[in-house]
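This briefing accompanies the sequence and structure displayed below.

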Amino acid sequence: MAEVVAKVHRALDEAQLALESQEQLIEDLRADDVGRSQGAVDPPPSEEALAARRALALLTARERQILVLISQGNSNRCVAKELGISEKTVKNHLTAIFTKVGASDRTQAVVMGIRSGIVSIGEPFNDASGPIGANE
């Protein structure tokens, strides 16, 4: 029993570290977003940011909506309810998003969305179908 408890504690510690890392990433992105809104001049986009924009330009309007909704912390179930689709359809869209942008998880996809301008932290969802790339 003690071994099981120790494993649970290790798993909880790892989960806590992952959450703290994600929270720090979100805080850093918020600080960047505040700097931009206060008139700070953005440096030219890096190759990584340009590649993210090209990849995100491949997303459909629905995939962009889902990306914005998950960036707000919504679960697949909440996204499905909001858009009037099944949870399985949301999962399918997320798989397509991950494949198109080369992300391995939700957090990575959201970060790419923030860097490309699809996602803005702290703003309510209105419409994620606006143009982001030259091929639209």
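Arg 106 is located in helix α6. The model described here is predicted. The protein chain contains 6 helices and 0 strands.

**Arg 106 and its surroundings**

- Not counting residues up to four places away in sequence, Arg 106 touches Ile 70, Asn 74, Ser 75, Asn 76, Leu 94 and Phe 98.
- One of these contacts, Ile 70, is 36 residues from Arg 106 in sequence, and the two C-alpha atoms are 7.5 Å apart in space.
- Arg 106 also takes part in the meeting of α3 with α6, which is described next.

**The packing of α3 against α6**

- Helix α3 spans residues 61–71 and helix α6 spans residues 106–116; their axes lie 10 Å apart and the helices pack at an angle of about 110°.
- The two helices are therefore roughly perpendicular to each other, because angles of 65 to 115 degrees fall in that class.
- On the α3 side, the contact is formed by Leu 67, Ile 70 and Ser 71, which meet Arg 106, Ala 109, Val 110 and Gly 113 of α6.
- Sorted by class, the residues of this contact are 4 nonpolar, 2 polar and 1 charged.

**Helix α3**

- Helix α3 is mostly covered, with 8 of its 11 residues buried.
- The buried residues of α3 are Glu 63, Arg 64, Gln 65, Ile 66, Leu 67, Val 68, Leu 69 and Ile 70.
- Glu 63 belongs to helix α3 and counts as buried because its relative accessibility is 5%, under the 20% limit.
- Leaving aside neighbours within four places in sequence, the contacts of Glu 63 are Leu 58, His 93, Ala 96, Ile 97 and Lys 100.
- After α3 comes Gly 73, which has a positive phi, near 90°.

- Leu 67 and Ile 118 are 51 residues apart along the chain, while 8.3 Å separates their C-alpha atoms.
- The largest nonpolar core has 26 residues, of which Leu 67, Ile 97 and Val 101 touch the most other members.
- At least two residues of this core come from each of α2 (47–56), α3, α4 (76–83), α5 (87–101) and α6.
- Val 101 touches Ala 55, Leu 56, Leu 59 and Met 112, with residues up to four places away in sequence not counted.
- In soluble globular proteins, nonpolar side chains tend to be buried together.

**The chain as a whole**

- Along the sequence, the protein chain reads α-α-α-α-α-α.
- Of the 136 residues in the protein chain, 27% are buried.
- The protein chain exposes about 8900 Å², and carbon and sulfur atoms supply 54% of that area.
- Among contacts between residues at least 6 apart in sequence, 65% join residues at least 24 apart.

Technical notes
Residues numbered from 1 in each chain as written. Predicted model: local features only at pLDDT ≥ 70, side-chain atom pairs only at ≥ 80, totals over all residues. Heavy atoms only, no water. Axes fitted to C-alpha atoms, helices over the stretch in contact; angles between N-to-C directions. Helix = DSSP H or I, 4+ residues; strand = E, 2+ residues; numbered from the N terminus. Parallel < 35°, antiparallel > 145°, perpendicular 65-115°, else oblique. Contact = heavy atoms within 4.5 Å. Nonpolar A, V, L, I, M, F, W, Y, C, P; charged D, E, K, R; others polar. Buried < 20%, exposed > 50% of the residue type's maximum accessible area, 1.4 Å probe, protein only. Areas by Shrake-Rupley, 256 points an atom, 1.4 Å probe, with all protein chains shown as cover. Core = buried A, V, L, I, M, F, W, Y, C linked by side-chain atoms within 4.5 Å.
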